[in-house]
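These are my notebook entries on a structure that I examined one place at a time. I began with a single residue and then turned to its surroundings.

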Amino acid sequence: MQTLIYMIRHGESVGNQKRDFLGHTDLPITEKGEKQALSAAKHLASIGFAPDAVYASPLCRAHKTTLLALSLCDAPAPTLLDGLREIYAGEWEGKNFDALDEEYPEERRLWREDVGHACPVGGESVAELYGRVVSTVLTIAKENEGKTVFIGTHATPIRAVETYARGKSADLMCEVPWPSNASLSVYRFDGERLFPICYSFDEFMKDAVDVDHALKY
């Protein structure tokens with residue numbers, strides 16, 4: 001039985017706007033982020049999207065984006081799961097990217113060039129996030145066999161799921177680009193394997209708001 005999984009990255013957050021590394025730091029989306037999420041809502045409504053189940057990270061930027069993106073659809077309230085949170089960034093939490101580059105040059109270089117082997121200082125490693133998020137998404141898929149599921153989450157979790165769906169380990173996450181704000185990624189689950197259908201689709205935002213095609217952590 002085919003299970004479809006739609007994932008959305010949160011709209012532009014205050015952290016994105018300020019170029020801060022939020023991780024678990026819980027700040028909202030901006031006005032632009034709300035417009036991005038509403039553009040996703042119009043797209044989803046135009047294709048008659050009606051998910052059977054909805055899940056989201058409890059961090060407000062992902063939760064709010066999920067609610068806005070489904071505001072024009074017939075959808076149940078989201079179940080909030082810690083397994084869908086962004087990476088815990090330890091000493092990097094809430095710090096500006098430029099300050100991080102100055103304080104942690106080698107760790108930041110690894111994050112940019114070989115993210116699958118990276119770990120924010122004092123935080124969760126990307127490999128640990130990969131395991132956490134993939135396990136959470138596979139559990140969701142197995143619990144919703146034959147249904148359509150919508151998941152609201154963050155950039156690193158979606159990048160991890162895309163890497164897994166392409167049949168690659170966390171070591172090769174560097175081969176997958178960052179998804180854009182409020183973009184949609186779609187997967188098919190056949191009961192055993194997760195297959196990619198599309199990644200970081202954001203064409204629906206072209207005429208509505210400026211799209212940041214990749215978040216440069």
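**Entry 1: Ser185.** I first looked up the accessibility of Ser185, and its relative accessible area is 1%. Buried means under 20%, so I recorded Ser185 as buried. I note here that the model is predicted. Ser185 belongs to strand β7, which covers residues 184–189.

I then asked which residues Ser185 is in contact with, leaving aside its neighbours within four places in sequence. I found Ile5, Tyr6, Met7, Ile158, Cys198, Tyr199 and Ser200. For Ser200 I also noted a polar pair: a polar atom in the side chain of Ser185 lies 3.0 Å from the backbone nitrogen of Ser200.

**Entry 2: Ser200.** I followed that pair to Ser200, which lies in strand β8, residues 194–201. Its relative accessible area is 15%. The cut-off for buried is under 20%, and Ser200 is therefore buried. I also checked the backbone of Ser200, where phi is near 55°, a positive value in a residue other than glycine.

**Entry 3: Ala182.** I recorded another positive phi at Ala182, of about 60°, although Ala182 is not a glycine. Where does Ala182 lie? I located Ala182 in the loop between α7 and β7.

**Entry 4: Leu194.** I returned to strand β8, where Leu194 is found. Leu194 has a relative accessible area of 4% and is therefore buried. Not counting residues up to four places away in sequence, I listed what Leu194 touches: Ile5, Val161, Tyr164, Ala165, Tyr187, Arg188 and Phe189. I also looked up the separation of Leu194 and Ala37, which are 157 residues apart in sequence. From C-alpha to C-alpha, Leu194 and Ala37 are 25 Å apart in space.

**Entry 5: helices α6 and α7.** Two packed helices are described by the angle between their axes and the distance between the axes. I looked up both values for helix α6 (residues 126–143) and helix α7 (residues 155–165): the angle is about 75° and the axes are 9 Å apart. Angles of 65 to 115 degrees count as roughly perpendicular, so I described α6 and α7 as roughly perpendicular to each other.

On the α6 side, I recorded Leu129, Tyr130, Val133, Val134, Val137 and Leu138 in the contact. On the α7 side, I recorded Thr156, Pro157, Ala160, Val161, Thr163 and Tyr164. By class, this contact of α6 with α7 has 10 nonpolar residues, two polar and no charged ones.

**Entry 6: helices α2 and α3.** I next examined helix α2 (residues 31–46) and helix α3 (residues 60–69), whose axes cross at roughly 40° and come within 7 Å. I noted the crossing of α2 past α3 as right-handed.

From α2, the contact is made by Glu34, Ala37, Leu38, Ala40, Ala41 and Leu44. From α3, I listed Lys64, Thr65, Leu68 and Ala69. How many charged residues does the contact of α2 with α3 have? I found two charged residues, together with seven nonpolar and one polar.

**Entry 7: Glu102.** I ended with Glu102, in helix α4, residues 97–103. Is Glu102 buried or exposed? The relative accessibility of Glu102 is 71%. Glu102 and Thr66 are 36 residues apart in sequence, and their C-alpha atoms are 35 Å apart in space.

Methods
Residues numbered from 1 in each chain as written. Predicted model: local features only at pLDDT ≥ 70, side-chain atom pairs only at ≥ 80, totals over all residues. Heavy atoms only, no water. Helix = DSSP H or I, 4+ residues; strand = E, 2+ residues; numbered from the N terminus. Buried < 20%, exposed > 50% of the residue type's maximum accessible area, 1.4 Å probe, protein only. Polar contact = N/O pair within 3.5 Å; in protein donor to acceptor, adjacent residues only side chain to side chain. Contact = heavy atoms within 4.5 Å. Axes fitted to C-alpha atoms, helices over the stretch in contact; angles between N-to-C directions. Parallel < 35°, antiparallel > 145°, perpendicular 65-115°, else oblique. Nonpolar A, V, L, I, M, F, W, Y, C, P; charged D, E, K, R; others polar. Left-handed = near helix turned anticlockwise from the far one by under 90°.
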